[in-house]
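Please read the following note alongside the sequence and coordinates.

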2 protein chains.
Amino acid sequence: MPRWEHGSEDRLKKAAIELFDEQGFENTSVIEISERARVTTRTFFRYFSDKREVLFAGSDELRAMLVEKILQAPDVGEPLKVVTAVLSEFDWESLGSRNSQRQRQAVIAANPELLERDLSKNHSIAVGFMDALRQRGVDADIARLAAHVGIQLFCTAYIHWLEAGVKSDLALMSESAMSLLASIVPTNAQLPFPGEKSARVAAKQADRSPLRRTGQR
Amino acid sequence: MPRWEHGSEDRLKKAAIELFDEQGFENTSVIEISERARVTTRTFFRYFSDKREVLFAGSDELRAMLVEKILQAPDVGEPLKVVTAVLSEFDWESLGSRNSQRQRQAVIAANPELLERDLSKNHSIAVGFMDALRQRGVDADIARLAAHVGIQLFCTAYIHWLEAGVKSDLALMSESAMSLLASIVPTNAQLPFPGEKSARVAAKQADRSPLRRTGQR
DNA sequence: GTCTATAGTCCGATAGAC
DNA sequence: GTCTATCGGACTATAGAC
């Protein structure tokens, strides 16, 4: 018989989610969580660097996996599509039932500190994507935009996916978000340098000072 | 003769920035900051809800001002442009010299907690923009995308603006970022609505139910 | 596993400005 | 007298050090 129970981490996670749901994040102390999980606070902080992290366990591994997908993508000629594709193709249901994900999002949305951490996690995925795209030879500014905008597109899709019925498809939602984006991005005809300054000239100007652009497209 | 010195808030801000710069954010306690500003920690927390906020003082007012610009915009037919225009037209130099802004960004980038707060502030501006656009009659999903993507475009521009020489122009930088985005978003030919040319028409369709629609593509 | 520093809150008191 | 800014001190929880 073990001197201590095993599975402390899982018990802590379970206890935390239960308590946050019952009485809110800020009304729940680490002491309470630890007591319910039958460990000391010391053990809590052994597994989670701070109180919020208990809701984001595994996010580092998820990010690493997604970044790897970017690095392995057969073609990064359309970086925005690569990003949304990687995100859409992941099996999000594997992270828990849609209902539990909805509940988790609700807990997060209800607390500024948790929202802050959530944004931070998404941002670090974006940075991972950006770096991966750059490694694949994508221009730095394009990589940044593709990573951040791609994630934003996915978030829009994810929101709808969470709220929708079981039949809904994330990839389809992402496509819709992409169409929506295409509909609000000014086309070349509406660009700052019309007429005498064609898109080519605009690109050349961009090359010199503002945002260096490499010759794609 | 006043029993206490006036201008505690300013002294606290100044002391905090100095100390963060000298010895880093996490190596500086609120006690230290308060001592240098000749007040107690109680006074610090009267002005700043937490230790990080001292670096983001005035951000609520800035957000309110920018949101108001969105509400007052003559036309929101091109929501993405409205967002980038509002951000570009603001006089950022009024917040301090470019050098001091560079230094501030460096301090923030060097600390995860501060980065987290920074992201959170940007996000709340995005939410403000989104709500304002919706108030102006823009479809919810378009408003969300325009707000978040617009801010991302501006961030890209801002990064370059900070690094560039005095001659650089934020509006121009934003235009460049917009062109860059246009270059990576799949064109209409690849869209589910091949017949549509005008962004406004697409937006109108979106009005009805962009992402809820199941039969596209 | 215990001990300690820091963050952040609450309440009451006090001095000056209006 | 009322309002505002400050102080003092006691208190809890987080988080890290020993």
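The numbered points below concern a predicted model.

1. Overall make-up of chain A. Chain A contains 10 helices and 0 strands. Read from the N terminus, its elements run α-α-α-α-α-α-α-α-α-α. Of the 217 residues in chain A, 48% are buried. Among its contacts with a separation of 6 or more, 63% join residues 24 or more positions apart. The chain exposes about 11300 Å², and 52% of that comes from carbon and sulfur atoms.

2. Confidence in chain A. The mean pLDDT is 87, with 84% of the residues at 70 or more. Helix α5 (residues 79-89) of chain A has the highest confidence, at 98, whereas helix α10 (residues 199-208) of chain A has the lowest, at a mean of 40. Over residues 189-217 of chain A the pLDDT stays under 50, and the model has 39 contacts beyond four places in sequence for this stretch. Where pLDDT is low, predicted coordinates should not be read in detail.

3. Nonpolar core. The largest nonpolar core has 84 residues. The residues with the most contacts inside this core are A:Phe129, A:Leu181, B:Phe129 and B:Leu181, from both chains. Beyond its neighbours within four places in sequence, B:Phe129 contacts B:Leu66, B:Val67, B:Ile70, B:Val83, B:Val86, B:Leu87, B:Ala147 and B:Ile151.

4. B:Phe20. This residue sits in helix α1 (residues 8-23) of chain B. What is its relative accessible area? The value is 3%, so B:Phe20 is buried. With residues up to four places away in sequence set aside, B:Phe20 touches B:Phe25, B:Thr28, B:Ile33, B:Lys51, B:Val54, B:Leu55 and B:Val107. The C-alpha atom of B:Phe20 is 9.9 Å from that of B:Ile108, although 88 residues separate the two along the chain.

5. B:Lys121 belongs to helix α7 (residues 112-135) of chain B. Its relative accessible area is 15%, so B:Lys121 counts as buried, the cut-off being under 20%. Outside the four places on either side in sequence, B:Lys121 is in contact with B:Glu53, B:Phe56, B:Ser59 and B:Asp60. B:Gln101, in helix α6 (residues 98-109) of chain B, is also buried, with a relative accessible area of 7%. Apart from neighbours within four places in sequence, B:Gln101 touches B:Trp92, B:Glu93, B:Leu95, B:Gly96, B:Tyr158, B:Trp161 and B:Leu162.

6. Positive phi at Arg38. Most residues other than glycine have a negative phi. A:Arg38 has a positive phi of about 60° and is not a glycine. B:Arg38 likewise has a positive phi, near 60°. A:Arg38 lies in the loop between α2 (30-36) and α3 (41-47) of chain A, and B:Arg38 in the loop between α2 (30-36) and α3 (41-47) of chain B. A:Arg38 is exposed, with a relative accessible area of 51%; B:Arg38 is exposed too, at 51%.

7. Cysteines. How many disulfides does the structure hold? Over all chains the number is 0. The cysteine sulfur closest to that of A:Cys155 belongs to B:Cys155 and is 15 Å away, which is too far for a bond. A disulfide would need the two sulfur atoms within 2.5 Å, so the 15 Å between A:Cys155 and B:Cys155 rules it out here. A:Cys155 is partly exposed, with a relative accessible area of 23%, and B:Cys155 is partly exposed at 24%.

8. Aromatic pairs. The count over all chains comes to 18 aromatic pairs. In the pair A:Tyr47 and A:Phe48, the ring centres are 6.3 Å apart and the planes stand at 50°, so the pair is tilted. A:Tyr47 is partly exposed, at 35% relative accessibility, whereas A:Phe48 is buried, at 3%. One aromatic cluster is formed by A:Phe90, A:Trp92, A:Phe154, A:Tyr158 and A:Trp161.

Conventions: Residues are numbered from 1 along each chain as its sequence is written. Chains are lettered from A and ligands numbered from 1 in the order in which they are written. This is a predicted model: local features need pLDDT of at least 70, side-chain atom pairs count only at pLDDT 80 or more; totals for chains, interfaces and linings use all residues. Side-chain values use heavy atoms; hydrogens and water are left out. Helices (H or I, at least four residues) and strands (E, at least two) are DSSP runs, numbered from the N terminus. Buried means under 20% relative accessible area, exposed over 50%, partly exposed in between (1.4 Å probe, protein chains only). Contact means heavy atoms within 4.5 Å. A nonpolar core is a set of buried Ala, Val, Leu, Ile, Met, Phe, Trp, Tyr and Cys residues joined through side-chain atoms within 4.5 Å. pLDDT is the predictor's confidence in each residue, from 0 to 100. Accessible areas come from the Shrake-Rupley method with a 1.4 Å probe; for residues, only the protein chains shown count as cover. Rings of Phe, Tyr and Trp (its six-membered ring) pair if their centres lie within 6.5 Å; planes under 30 degrees apart count as stacked, over 60 as edge-to-face and the rest as tilted.
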